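The following paragraphs lead from the overall architecture of a single protein chain to the surroundings of one residue. Please keep the model open while reading.

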Amino acid sequence: HIVYQDNLQLGYTNRIGGSWKSVVQVENSSNAESIDFVISDEDVPEIAYIYDGEADLTGARANQNDATSFTLFDIDATAEETTDVRSTSIGIDSSGNTCISYVDSDGTIRLAKNADGTQWDNMGNWTFSTNSNMGKEPSLAVDGTDVYVFYQDDQEDIVYDKYDSVAQTW
């Protein structure tokens, strides 16, 4: 599985079955930045990125493992879009929940979670949590239902916070 950005589109392809497939256009734009992707517990590609110029945290979920299309959804319309601050990182916890870390427009680290088995394109299926810490370029690692978000804080140190995706607490 490969997700890439060129001057025309955000594209996806894979080598399921032994040969590279035709590119599937995820988004007809060259404005996707800070792209990350993961394979869900249902074996489906999921992508997170910042749509530059609109400050949207956008998610894209494939229709199947050997994707032929993606459903796009603007998860948060107030993400940070400054080049050396923004970042997205996506992971799946042991309960199958999709978690995305990013920087909100106020500069705080934020986590969006979509409950396993729910539709991506319904805002009611997303929960948001912030640790109220200023930071940039977050990256997450998942261990069970513990989501570790690593980032550079406002003192220029690399730090992390742990989020319990079941209790929904930092």
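Secondary structure is taken here from DSSP runs numbered from the N terminus, where a helix is a run of H or I with at least four residues and a strand is a run of E with at least two. Under this scheme, the pattern of the protein chain along the sequence reads β-β-β-β-β-β-β-β-β-β-β-β-β, with 13 strands and 0 helices. The model is a predicted one, in which local features need pLDDT of at least 70 and side-chain atom pairs count only at pLDDT 80 or more, while totals for chains, interfaces and linings use all residues. Residues are numbered from 1 along each chain as its sequence is written, and side-chain values use heavy atoms, with hydrogens and water left out.

The overall dimensions come next. The radius of gyration, taken over C-alpha atoms, is compared with a globule rule of 2.2 Å times the number of residues to the power 0.38. For 170 residues, a compact globule would have a value near 15 Å, and the protein chain agrees because its own value is 15 Å. Its C-alpha trace spans about 45 × 35 × 30 Å along the principal axes.

Strand S1 (residues 2-5) and S2 run antiparallel and are joined by 4 bridges; two strands pair if DSSP finds at least two bridges between them. S1 and S2 form a hairpin with 4 residues between them, and Val3 stands opposite Tyr12 in S2. Within strand S2 (residues 10-13), Leu10 and Tyr12 point one way, Gly11 and Thr13 point the other way, and all are buried. On to the next partner: S2 also runs antiparallel to strand S3 (residues 24-27), with 3 bridges, and Tyr12 stands opposite Val24 in S3.

What is the burial state of Val24, buried or exposed? Val24 counts as buried because its relative accessibility is 11%. Leaving aside residues up to four places away in sequence, Val24 touches Leu10, Gly11, Tyr12, Ala67, Thr68, Ser69 and Phe70, where contact means heavy atoms within 4.5 Å. Val24 and Ala67 lie 43 residues apart along the chain, and their C-alpha atoms are separated by 7.5 Å. For the protein chain as a whole, 41% of the contacts between residues at least 6 apart in sequence join residues at least 24 apart.

Note on methods:
Buried < 20%, exposed > 50% of the residue type's maximum accessible area, 1.4 Å probe, protein only.
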